[in-house]
Amino acid sequence: MKFDEILTNDDLLDALYDMHFDECTPIQELAIPPVLEGRDLLAVAQTGTGKTAAYLLPVIERLVNDNYPQDNVNCVVMAPTRELAQQIDRQMQGFSYFMPVSSMAIYGGTDGQTYEQQRKGLKMGADVVIATPGRLLAHLSMGYVDLSKVSFFILDEADRMLDMGFIDDIMQIAGHLPKDRQTLLFSATMPPKIQMLAKNILNHPVEVKIAVSKPAEKIKQGAFVCYESQKLPIIERMFKETPPNRVIVFSSSKQKVKDLARSLKKSKIKVAEMHSDLDQNEREEVMLDFKAGRINVVVATDIISRGIDIDNIETVINYDVPHEAEDYVHRIGRTARADREGRAYTFISDKERGKFKVIEKLLEKEVEKLPVPEELGAVPSYGGRESHKTDKQWKGRRNGRCRGRGKGTSKNGAKGRGKNSGHKDANA
């Protein structure tokens, strides 16, 4: 379906044309019509399916066509991280390029001058406020933010916000909003906590679910079945044989991220860690160093598994099997972007075999099990018994199917540019 079949505003369609947006993605085709009708929406869709446009486009059209007041906060979009809030704001600027729709991003980790700019913008009113929960609550607590006339409340990556402990913040913010608002909830997964949140804040929602897409075929996947104590020696051996370049290693907890990064630094690896204990400036510095090649390996929690665009990632390593099968797809989807090839390895301890079998069920295929170096001793079999693989097998497999390098040029997508004079930039 084309956008001009479901959207009517010519200025909005002109912006989409300039951004080379023509055909709707499945989530956009299913979500935009009920949003235009004023219905609440519960949408399950992973990152990369076009969900940001699925909620921004109908909201922008309604803000203009229905003449909402320009001195109010008319729409609040909640995002779990500063990076995602910035990303949404950039798309908002592109979509609203030819339209008098104002927006601003509100997030933490900024200096006093930026905080003051955010305060002034919130007092003046912006059509669309894109915010992280903690920073919006900080402004609300000062008494100068009026959300009583908000018409649209949108939760993006709701499952991540719950994982990061924002449920109470979200409910507190919702308490400042009118009950007759339209609420849209987008989540990549639908665990019980999200179902409960949806029940509490949505009113007879339309439900849309887009099946989790399989990883790109260009990702060469492999897995090591091993004991927990063997994981560090395996990754050290991998990096010794093939010096790492643009590698992300995902681990299950902040403490394990810190411990692993510390161990790799002892091996003279240019490594940095990424987790929620770092403030926003520290996280941005890590990502800048990584993109510039000053860091070769980032060890991270799932804080960068979704919603962050990083090009040229050669290898993703799951040091721990992710808790949710869908998270495996999000993690390894960091590589093999823009038609490149990539590699993804997963370390499966004896206690994680069940979780990985669920992942294979989602993938509808078995991931190749790679041999562990012989000197590391016996390893658990995938079926439950110990087994041995020879050092010769290790080298042969490592040099074979799972060592492809991808080449290509990156395309970040068309950017909207223009004269949106109403845009209030909190980043200035």
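**Exercises on a predicted model**

Leucine 42 stands opposite leucine 185 in β6. This is a predicted model, in which local features need pLDDT of at least 70 and side-chain atom pairs count only at pLDDT 80 or more, while totals for chains, interfaces and linings use all residues. Residues are numbered from 1 along each chain as its sequence is written, and side-chain values use heavy atoms, with hydrogens and water left out.

**Exercise 1.** Determine which strands pair with β1 and where its side chains point.

*Solution.* 
- Step 1. Helices (H or I, at least four residues) and strands (E, at least two) are DSSP runs, numbered from the N terminus. Two strands pair if DSSP finds at least two bridges between them.
- Step 2. Strand β1 (residues 41-44) is joined in the parallel sense to strand β6 (residues 182-187) by four bridges.
- Step 3. Strand β7 (residues 206-209) also runs parallel to β1, again with four bridges; here alanine 43 stands opposite valine 208.
- Step 4. In a regular strand the side chains alternate between the two faces of the sheet. In β1, Leu41 and Ala43 point one way, Leu42 and Val44 the other way, and all are buried. Buried means under 20% relative accessible area, exposed over 50%, and partly exposed in between (1.4 Å probe, protein chains only).

**Exercise 2.** Classify the ring pair of tyrosine 97 and phenylalanine 98, then that of phenylalanine 224 and phenylalanine 347.

*Solution.* 
- Step 1. Rings of Phe, Tyr and Trp (its six-membered ring) pair if their centres lie within 6.5 Å; planes under 30 degrees apart count as stacked, over 60 as edge-to-face and the rest as tilted. The structure holds eight such aromatic pairs.
- Step 2. The ring centres of tyrosine 97 and phenylalanine 98 are 4.4 Å apart and the planes stand at 70°, so this pair is edge-to-face. Tyrosine 97 counts as buried because its relative accessibility is 19%, whereas phenylalanine 98, at 29%, is partly exposed.
- Step 3. Phenylalanine 224 and phenylalanine 347 are likewise edge-to-face, with 5.6 Å centre to centre and 75° between the planes. This pair links distant parts of the chain, 123 residues apart: phenylalanine 224 belongs to strand β8 (residues 219-225) and phenylalanine 347 to strand β13 (residues 342-348).
- Step 4. Phenylalanine 224 is buried at 0% relative accessibility, and phenylalanine 347 is buried with a relative accessible area of 0%. Ring pairs link Phe224, Tyr319, Tyr345 and Phe347 into a cluster.
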